[in-house]
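I shall present one structure today, and I ask you to keep the display in view as we go through it.

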Amino acid sequence: MSSAFELRAPGPRGTPPLLARLVDDAALFPPGNATMPDAVRGHLDARVGPWAGAVGLFLCPASRLAELITELIKVKPVKPIALSLVIDTGLGGVPKAVSIVESRSELLALRMVEMPAPSDVDEVWLERVSEFVPEDVIRVVEPRRGGAEWLDGVRRVIEHGSWPKIRCGGLSRENFPSIDEVADFLAVVSGGGVAFKATAGLHHAVRYTDEKTGFTHHGFLNLLVATVRALSGGDVRAALDSTDSAALGEEAGSLSDQAAHAVRGVFASYGSCSLEEPITDLEGLGLL
């Protein structure tokens, strides 16, 4: 199976290790909802842009795979797009989707398969995931959040050798986990020996409240610093709650390369419907 380290290999312009391949391209997903042509062209442009090293995988739902391939045939990428296949067709649809991707190796390189878990994440279901996903492809499983059962599901995913995924936001208030829930998740994952992936809601580097919706969003920089503290015994909840962008940026920027690699060995990446917003934030903080 590919490692988190391989996914965040430094980009051609020497992106700092803490940020290398951090932002997976979720342009097709809400609230971005880009068209396939726009999403593909945006991703290809980002791969050769000034901060290409911060750009990770391209996320595509299994239900739109044929549409993606049709578009790639038109644009003829110089090298295959590194893909995370997001399963929205049920576990039974995984083998066919994987087969389609592998049959178009000149266009796509399958690096990851992501899927939601049923309410009871049991061994039988997890074994089917292993059977359906090739060994050299990372398996990412999102247990349904809520109560102690959620964390038990996270533990089972880790024990099975898959990466757990945490959803940090969405289109309703219920999609946003509390600071305590994120801290509890980090406590489980940081001692579990595998990486995790985050998704949804992390539109900006630092925690903020959206004036239009009233939703308070977690920041991806908060999550990075919280992971640092989870590994070092620091105050995780304070890091998640902070809106002090200068202090968070200073703490993140002061990490040694060794410490940065350790952090990214836990917090591997997150999906963003915009590549421009996180890059702009990181530039503003002096981290890129």
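Let us begin with Arg21, which is found in the loop between helix 1 (4–7) and strand 1. Please bear in mind that the model is predicted. Arg21 is not a glycine, although its phi is positive, at about 55 degrees. Most residues other than glycine have a negative phi, and most peptide bonds are trans. Pro31 is placed in the loop between strand 1 (23–25) and helix 2.

I turn now to the strands. In what order do the strands of the closed barrel run? The order is 1-2-3-4-5-6-7-10, which makes a closed barrel of eight strands with parallel pairing. On average, and with direction ignored, neighbouring strands of this sheet are turned by 30 degrees against each other.

Strand 2 (residues 55–61) and strand 3 (residues 81–86) are joined by four bridges in the parallel sense. Within this pair, Pro61 stands opposite Val86 in strand 3.

Next, the helices that meet these strands. Helix 4 (residues 94–103) lies across strand 3 and strand 4, and runs at about 160 degrees to strand 4. Helix 6 (residues 147–159) also packs on the sheet, where it touches strand 5 (138–142) and strand 6. The direction of helix 6 makes about 145 degrees with that of strand 6.

Side chains of opposite charge can pair when their charged atoms come close. How many salt bridges does a search of the whole structure find? The search finds 14. Arg41 belongs to helix 2 (residues 36–47) and Glu71 to helix 3 (residues 65–75), so the pair ties together parts that are 30 residues apart in sequence.

Finally, the largest pocket, which holds about 610 Å³ of space. It is lined by 33 residues, and the closest to its centre are Phe29, Pro30, Arg167, Thr199 and Ala200. By class, the lining has 16 nonpolar, eleven polar and six charged residues. Strand 4 (108–116), strand 6 (163–167) and strand 10 (267–272) each supply at least two residues of this lining. Which strand gives the most to the lining? Strand 4 does, with three residues.

Thank you for your attention.

Terms used
Residues numbered from 1 in each chain as written. Predicted model: local features only at pLDDT ≥ 70, side-chain atom pairs only at ≥ 80, totals over all residues. Heavy atoms only, no water. 1 Å grid on protein atoms, 1.4 Å probe; cavity = no way out; pocket = protein on both sides within 12 Å on 5 of 7 lines; lining within 4 Å. Points joined across faces, edges and corners; volume = space filled by probe spheres on them. Nonpolar A, V, L, I, M, F, W, Y, C, P; charged D, E, K, R; others polar. Pairing = 2+ DSSP bridges. Axes fitted to C-alpha atoms, helices over the stretch in contact; angles between N-to-C directions. Contact = heavy atoms within 4.5 Å. Salt bridge = Lys/Arg side-chain N within 4 Å of Asp/Glu carboxyl O.
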